[in-house]
Amino acid sequence: MNASNPIPTDYETFREGVRAFLKDALSPELVRAGERTTSVFSDFEAGRKWQSILHAKGWGAPEWPIEHGGTGWDIQQRYIFLEECKLANAPNPVMMGIQMLGPMLIHFGTEAQKQQFLPGIISGDDVWCQGYSEPGSGSDLASLKTTAERDGDEYVVNGTKIWTSMAHHSNWIFCLVRTDKEVKPQAGISFLLIDMATPGITVAPFPSLDGEVEQCQVFFENVRVPVTNLLGEENQGWTVAKYLLEFERGGQHFTIELKKQLSKLHRLMTSETNRAKDDPTYAYRVAETEIDVMALEQTELRIKGSLSAGDNPGALSSLVKVSGTELGQRCAELLIEAAGQSAIPWQSEVLSPEYTGETAAPAECVTTMAEYINSRATTIYGGTAEIQRGIIAKHVLGL
Amino acid sequence: MAAQMTEDQTLLKDAAERYLRDSYDFNERRERIAAGHYSDPTQWQAFADMGWLALPIDEDLGGLGLGAREMAILAELCGQFLVTEPLIEAMAVSHAILGNSAQKESLLVQVAEGTLIPVAAIDEAGEAARLSPTTQLTEDSGQWRLTGSKQWISAGASATHLAVLANSATGLAWVLVSVDAEGVSREIYPTHDGRGGASFKFDVTLDNAQIIATGEIAQDALTAYRELAMVLSSAETLGATQAALDTTVDYTKQRIQFGQPLASFQALQHRMSNMLIQTELTRSLVYAACDAADDGHADRGRFARAAKVKAATVGRKVSQEAIQLHGGIATTDEYIVGHFFKRITALESWVCSKGEALKEFMALPAAQH
Ligand SMILES: Cc1cc2nc3c(=O)[nH]c(=O)nc-3n(C[C@H](O)[C@H](O)[C@H](O)COP(=O)(O)OP(=O)(O)OC[C@H]3O[C@@H](n4cnc5c(N)ncnc54)[C@H](O)[C@@H]3O)c2cc1C
């Protein structure tokens with residue numbers, strides 16, 4: 001029990017309250033958008049609508065401090081909320097603003113920046129994308145080449161960013177840019193907040209392997225950005241970014257999604273359509289996966305339990321990220337085995353929340369292949385599994 | 001590691017590889033599929049002109065009379081070049097099923113010429129129906145009728161004819177129907193591997209000539225078809241697996257991060273070494289399964305299933321690793337390596353899943369020596 005919270009929270013009542021709200025607030029279209037989510041992003045419009053509904057309820061950013069619009073819930077309540085949203089098939093709003101930039105602004109931003117940007121993030125009116133990676137700088141992010149040169153009260157930005165998820169839907173981008181070429185790479189990087197409507201920005205979307213469009217390349221040609229849009233000090237961008245990356249890695253509750261995958265697997269185990277039910281190892285592999293999910297859940301609780309809201313989980317977030325993403329990949333493999341040929345149809349229109357017609361794949365398999373494909377990206381974005389293992393070796397094992 | 005091939009096999013492989021390298025461009029393929037053309041009629045005609053479609057047909061029926069080893073050479077290249085035309089389907093059907101038909105001469109000539117593109121239709125909704133179909137062949141005062149439905153037929157979009165597995169009063173039956181025949185409805189859909197699938201409904205009256213085989217002959221044809229399909233899908237998986245590995249090795253030599261090529265990181269070198277080890281082990285088993293099939297070896301059924309299991313396992317692992325070692329670039333549809341992954345995934349459960357192959361393998365005792 002928490003000293004600042006002497007009355008024990010009645011979590012079951014809390015859960016019921018969340019459930020009642022979700023039942024009421026989630027339209028069939030929103031639920032379909034949730035069900036037909038095949039990556040971390042749901043249908044864009046549905047996710048945006050859902051964010052505005054959550055915001056109206058005062059639940060727009062439960063992880064934020066209460067003075068910036070947070071809910072004041074404890075860790076357990078936040079977990080219950082996320083779990084119920086997942087179980088009710090709520091769509092995922094684009095989360096770069098709320099999950100990634102918000103904590104940075106709160107930590108590093110000036111008062112004026114917080115006032116300017118936080119309200120638009122929590123309401124969902126502003127959509128943010130993350131401009132870190134470049135064609136030549138992925139794992140070796142510090143080698144990035146997009147430059148920002150100071151010209152009076154403005155920076156002039158030139159260069160290109162790639163794999164910028166959702167840039168084609170975003171009106172703001174937070175970027176890492178080079179402001180000093182003379183010093184060691186990490187020491188010459190700054191963190192800029194850029195309005196996508198600024199002249200000189202071009203966005204080129206391209207299809208992912210599942211055939212959907214989520215990724216973009218963003219080009220900057222003499223883009224003028226006011227110096228007041230610098231987050232943190234000039235040349236301190238690496239420190240800001242590192243803080244953010246750890247949030248990105250540890251800030252997800254992998255086990256909520258994993259448990260949902262497991263319940264799908266359990267349903268499939270007894271299903272007539274399960275292509276893998278004759279595989280003698282299948283049930284064992286499902287059970288082993290379940291045990292690994294339990295181990296991860298207990299680890300998440302152990303790590304989160306020792307942190308208070310807003311704290312940064314540090315290098316341990318790498319452990320959770322590697323385990324969570326690789327377990328997600330295992331679940332996706334088990335699901336594709338059970339679906340067999342029925343998962344091979346690719347019908348893009350079916351993924352739209354408006355679609356209510358017939359599907360070539362059976363209902364429970366329409367997203368299976370896309371989920372399997374997209375599960376492969378989870379060990380690449382947000383710092384690859386190899387880079388995470390490197391962080392553990394260096395910062396946990398001290399090698 | 002070189003595979004042992006006869007001079008004729010080497011000639012076949014070199015010519016086919018040269019053709020596909022020159023004429024089967026990845027970007028053209030992408031555009032064609034996006035436009036809804038899952039197979040290219042001029043490619044199919046070229047395959048016919050090069051003798052690929054005649055290759056599995058007996059010499060006395062006007063074919064080249066070659067075996068699983070030669071078919072596997074083509075299948076491997078299909079994997080390497082991501083061929084979307086139903087070549088392994090057509091080879092397996094013409095070799096294992098159509099030869100039983102009383103009309104085999106005329107049918108197989110059409111296959112060899114490229115005018116008849118046969119695909120087998122076995123799968124139905126519901127697992128129990130897979131090898132004991134609910135699709136019925138019935139006779140009513142001398143008139144044959146086929147009723148039922150088939151689902152998720154890979155390359156169903158490109159077939160001109162289906163070899164349909166049905167149940168009849170005398171057990172299993174194979175029936176040949178044109179996809180355009182009255183009473184056949186076809187629902188085509190795009191697929192993640194670019195092949196274009198289809199589901200079919202039948203309520204068709206048939207000529208005697210359309211009934212290819214019934215009873216024990218049909219059962220034997222099913223066994224022969226499945227085993228050949230397992231071998232050819234393993235070979236195609238192998239080709240795609242090797243190509244995924246080669247692409248990864250090339251890319252990691254070019255891509256610089258932290259001031260050096262990715263390929264210089266020992267952590268990645270070991271991963272690629274494992275990919276190579278597993279691919280070579282698979283290759284041995286696939287070629288052995290071909291030889292066992294061609295020699296009529298008592299263990300050919302075991303080898304077919306062993307090849308299927310090994311190729312499915314290794315193909316999955318290697319293509320996953322190929323994506324991981326590329327990083328972000330592998331996750332765009334514009335880059336080739338993810339297409340190997342998608343095709344390998346589709347092949348994993350084509351005709352028979354890895355689990356089914358494992359179970360069948362366990363039920364087949366090794367022959368005594
Ligand atoms: C779906 C998706 C969404 C993304 N969204 C965004 C986004 O919104 N914003 C953004 O900025 N970026 C985004 N990214 C980019 C992502 O962060 C990068 O892909 C990632 O950092 C890896 O960089 P890379 O793709 O250049 O791969 P590379 O860095 O070239 O790495 C290729 C492979 O080499 C390995 N490797 C690299 N260095 C080493 C080493 N020293 N030792 C061992 N192995 C090594 C890597 O682990 C990887 O397996 C996204 C990526 C994907 C796939």
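# Briefing: two chains and their contacts

Helix H10(A) makes a left-handed crossing with helix H12(A). The model is predicted. Chain A and chain B bury about 3900 Å² between them. Over all chains, the structure holds 40 salt bridges.

**Helix H10 against helix H12 in chain A**

- H10 of chain A covers residues 316-339, and H12 of chain A covers residues 385-396.
- Their axes come within 9 Å and cross at roughly 145 degrees.
- On the H10(A) side, the contact uses Ser318(A), Leu319(A), Lys321(A), Val322(A) and Glu326(A).
- On the H12(A) side, these residues meet Ala385(A), Gln388(A), Arg389(A), Ile391(A) and Ile392(A).
- By class, the contact of H10(A) with H12(A) has five nonpolar, two polar and three charged residues.

**Where chain A meets chain B**

- Chain A gives 45 residues to the contact, and chain B gives 49 residues.
- Carbon and sulfur atoms give 58% of the buried area of about 3900 Å².
- Which residues of chain A lose the most area to chain B? They are Leu209(A), Arg275(A) and Gln341(A), together 21% of what that side buries.
- Five salt bridges are counted between chain A and chain B.
- Arg275(A) pairs with Glu356(B) in a salt bridge between side chains, at 3.2 Å from N to O.
- Four elements of chain A give two or more residues to the side that touches chain B: strand E6 (201-207), H10, helix H11 (368-375) and H12.
- H11(A) gives the most to that side, with four residues.
- The side of chain A that touches chain B divides into 22 nonpolar, twelve polar and eleven charged residues.

**A salt bridge within chain A**

- Side chains of opposite charge can pair when their charged atoms come close.
- Glu63(A) forms a salt bridge with Arg78(A), and the closest N and O atoms are 3.3 Å apart.
- Glu63(A) lies in the loop between helix H3 (44-57) and helix H4 (75-87) of chain A, while Arg78(A) lies in helix H4 of chain A, so the pair ties together parts that are 15 residues apart in sequence.

**Helix H4 against helix H8 in chain B**

- H4 of chain B covers residues 68-81, and H8 of chain B covers residues 266-295.
- The two helices pack at an angle of about 145 degrees, with axes 8 Å apart.
- From H4(B), the contact takes Ala68(B), Arg69(B), Ala72(B) and Glu76(B).
- From H8(B), the partners are Arg283(B), Tyr287(B), Cys290(B), Asp291(B), Ala293(B) and Asp294(B).
- The contact of H4(B) with H8(B) divides into five nonpolar, no polar and five charged residues.

Conventions:
Residues numbered from 1 in each chain as written. Chains lettered and ligands numbered in written order. Predicted model: local features only at pLDDT ≥ 70, side-chain atom pairs only at ≥ 80, totals over all residues. Heavy atoms only, no water. Axes fitted to C-alpha atoms, helices over the stretch in contact; angles between N-to-C directions. Left-handed = near helix turned anticlockwise from the far one by under 90°. Contact = heavy atoms within 4.5 Å. Nonpolar A, V, L, I, M, F, W, Y, C, P; charged D, E, K, R; others polar. Buried area = accessible area lost by both parts, 1.4 Å probe. Salt bridge = Lys/Arg side-chain N within 4 Å of Asp/Glu carboxyl O.
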